[in-house]
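Reader: I'm new to reading protein models. Could you take me through the terms and how each one is decided?

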Amino acid sequence: QKGEIYPGETHFGGSPVGALKGEKMTEERKKILAAVTERAENFVKGFDPEFAAGYMKKREEAEAEELLIRAGELMDQTFVFADKWDMEPCREPYTLTEMEWQRTPNGDPEWIFMLNRHDYLHKLMMAYYLTGNEAYTDKLKWYLFHWMCHNPILPEGSDSTRTIDTGIRCMNWEDLILHLAGNGMLTQEELDELLLKLDEQFENLRQRYIGKYTLSNWGLLQTTAICEGYLLFGDSLCHPDTGKWAWQELKRQLDLQVMDDGSHWEQSVMYHMEVLLASMRLMKWKELEENNLCPERYRSDFPEEWDWLKALIEKMSLYVLYCAGPDHRQPAQCDSDRTDVRDIMVKASVLTGNSVFRFGGYEALDLESLWLFGRKGAERYEAAVSREPERLDYHAQDTGNIYIRSSWKEDANYTYLSCGPQGSGHGHGDLTHISLYYQGKPFLIDSGRYSYREDEPLRMEFKMLQAHNVCVIDDGSLIRPDGSWSFHSYGDCFKTYYREKEGISYCEMAYRGRLANGEGCLVTRKVMTAREGLWLIVNDIWCEGKHTVREYYHLDPDAEARAAEDEILLTNGSVQLKALGEQQEHGPWTQPVPIPFQLESCKVSLEYNRLSDSMCLVKEGSFSDSFVSSSAFCGAGVQVSAPEVYQFGAGEPVSDGRVTAKTFHLSEEESWTFLVWNRETFRGGKMYECSGVPVYGKAGAIHSLGGKQTWIRLRN
């Protein structure tokens, strides 16, 4: 067998009994461990390995085959980090002939952190359930005890024992200990060794805990592990006050980190998911507590916490439901990958019973959820009623994120808008960003994150304004990163305005800041969209002096772009979308003129450690003091024109740029005219007229159908 042996090992799968402790076990300790084993046996009985194996073979055959491939690699000490919620995936396999826990084979320290989280080890247990081959569980024990013998828990930590990774590892161990002990695969001495090491790690986490963890996913991934550990093994651990401390700190963390609208403050859906998943993994033990499968003295310490935690999980899961595109994938917002969220919906359905989550989940329980819940979870999910959500749009006002869709079908149109606080070090320069899908296909996307390495130039590039679908003034000096986790300068955002009415949505996003030369700047983006798949984007910039501006729109790697006269034709599969641009020639007080997009090559990253070639639409311009431009996106068959707008009492159409107007002709019988005012009307009549319709407001749309015209006001 590959890999070096550890002290006390006598055969494949053996354990270093006495190698870590070397003390004689007391009778009282034996009774405690016997009670732990009994509870573990009851847990495994409820999990029902035979049912799980049958479910994998019948309902998730492809996933089961993939599972056995991954488990086979682990038997040879080959590591592939490609699970859906791996924070830093690496799909390239690396084999450690001699097992080393603090060395990276690819130069990325994140690889070491992934290795030491032990997220992958449950695959060996599931492979055993699937095949009955105990070689898998022998190797699982080998990994656990090898890690224990080669990674001392130091007061200051190490690359293999960072606090965040220790929390994740402990939570994984807790499940594995239950499965191993419940299947009779741990001697009493081995169980004792594992629990003592778990206790040692908990105490190390508490000693190393610092104030900033209260507002960080790092802190929550520690406290949830400790809370779970004391719920399951509290009678065998040596510091009962640590369990109570962890519950209290967890409550503080979630109160601070999760907004009233269910969004997470760090402005990264990926880390929203990490916080949500950890909370879900803790919440699943509520039933064990109710069924007396937790130690007696920990059963009623915090009974009120379950209802509170359930409510928090529900609102965070609702945010996830709405943020996902028609392909069920979250946007690559800030430090995030574009990941399918349906397994999160499965877990939310099982834990909360809310039928909208059953609607948003897979047809059957996925393997990761099966590992989490066992038979009862699978049966509950199979029996759950599915209900389509009543709302189509979601405005997360607390973090400035807006999600708009035309329907809940997979061929829907979808818009994601973002302009909120920077959040944590995972934040990017994405203020006023827009992503969109047309007829279920992604066209405009966030470029992603690619790497966390300080020595990787692309890390900085993916954090910059230029990697997002925004306007960039003077090459981006307004928002500038200066490290993998920090910015030299950033903008101050204002609250987003959002209104939806009769199938039309309108949003205003704005922020202010200073350029490198000290000049103040105000950037406002206004977006109007119709459920038919029409988008008007208006950029309104105030910045004294002479400046340049570039407007970027990054395309999905599967989207092809072709220039055609004053428009760009975009194609993704069989779906076509066209892009048109214009801008004021000399500032906001002149008539807009068409400005065609240019095509530039770019890189995008839909997953950490992976790059794709793509294209970017770019418009360039220059201005003095102020600037207005607009871009339109619509289906290839839609004709676009610029209607005349008249101020009440004036004989000539408005030509000073105070209003941006576009008409989208869907057919001879139907059209939409979008109107967005860029300046206050402080002289003359306040009412305007467009296409024979009197209008008043700051933003609205005229719907023309069969000769009938309707004015829909979206901002007064």
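**Terms put to the test**

Author: Let's start with two helices: the axes of helix H2 (residues 49-59) and helix H5 (residues 122-131) come within 8 Å and cross at roughly 85°. This is a predicted model, where local features need pLDDT of at least 70, side-chain atom pairs count only at pLDDT 80 or more, and totals for chains, interfaces and linings use all residues. Residues are numbered from 1 along each chain as its sequence is written, and side-chain values use heavy atoms, with hydrogens and water left out.

Reader: What makes H2 and H5 roughly perpendicular?

Author: Axes are lines fitted to C-alpha atoms, for helices over the stretch in contact, and angles run from 0 to 180 degrees between N-to-C directions. Under 35 degrees counts as roughly parallel, over 145 as roughly antiparallel, 65 to 115 as roughly perpendicular and the rest as oblique. The crossing is roughly 85°, so H2 and H5 are roughly perpendicular.

Reader: Which residues meet there?

Author: Pro49, Ala53, Met56 and Lys57 in H2 meet Met126, Tyr129 and Leu130 in H5; contact means heavy atoms within 4.5 Å. These residues divide into six nonpolar, no polar and one charged. For that sorting, Ala, Val, Leu, Ile, Met, Phe, Trp, Tyr, Cys and Pro are nonpolar, Asp, Glu, Lys and Arg are charged, and the others, Gly among them, are polar.

Reader: How do you know that the length of helix H11 agrees with its number of residues?

Author: The expected span is 1.5 Å times one less than the number of residues. H11 (residues 269-283) has 15 residues, so it should span 21 Å, and its end C-alpha atoms are 20 Å apart, which agrees. Helices (H or I, at least four residues) and strands (E, at least two), by the way, are DSSP runs numbered from the N terminus.

Reader: Why is H11 called mostly covered?

Author: 15 of its 15 residues are buried. Buried means under 20% relative accessible area, exposed over 50%, and partly exposed in between (1.4 Å probe, protein chains only).

Reader: What makes Glu66 and Arg70 a salt bridge?

Author: The term asks for a side-chain nitrogen of Lys or Arg within 4 Å of a carboxyl oxygen of Asp or Glu. Glu66 and Arg70 meet at 2.2 Å, N to O, so they pass the cut-off. They are four residues apart in helix H3 (residues 61-75), so about one helical turn separates them.

Reader: How many salt bridges turn up in the whole structure?

Author: A search finds 41. Another of them joins Asp540 and Lys526, with the closest N and O atoms 3.6 Å apart.

Reader: And why is Ser418 called buried?

Author: Ser418, in strand E5 (residues 414-418), has 2% relative accessibility, so it counts as buried.
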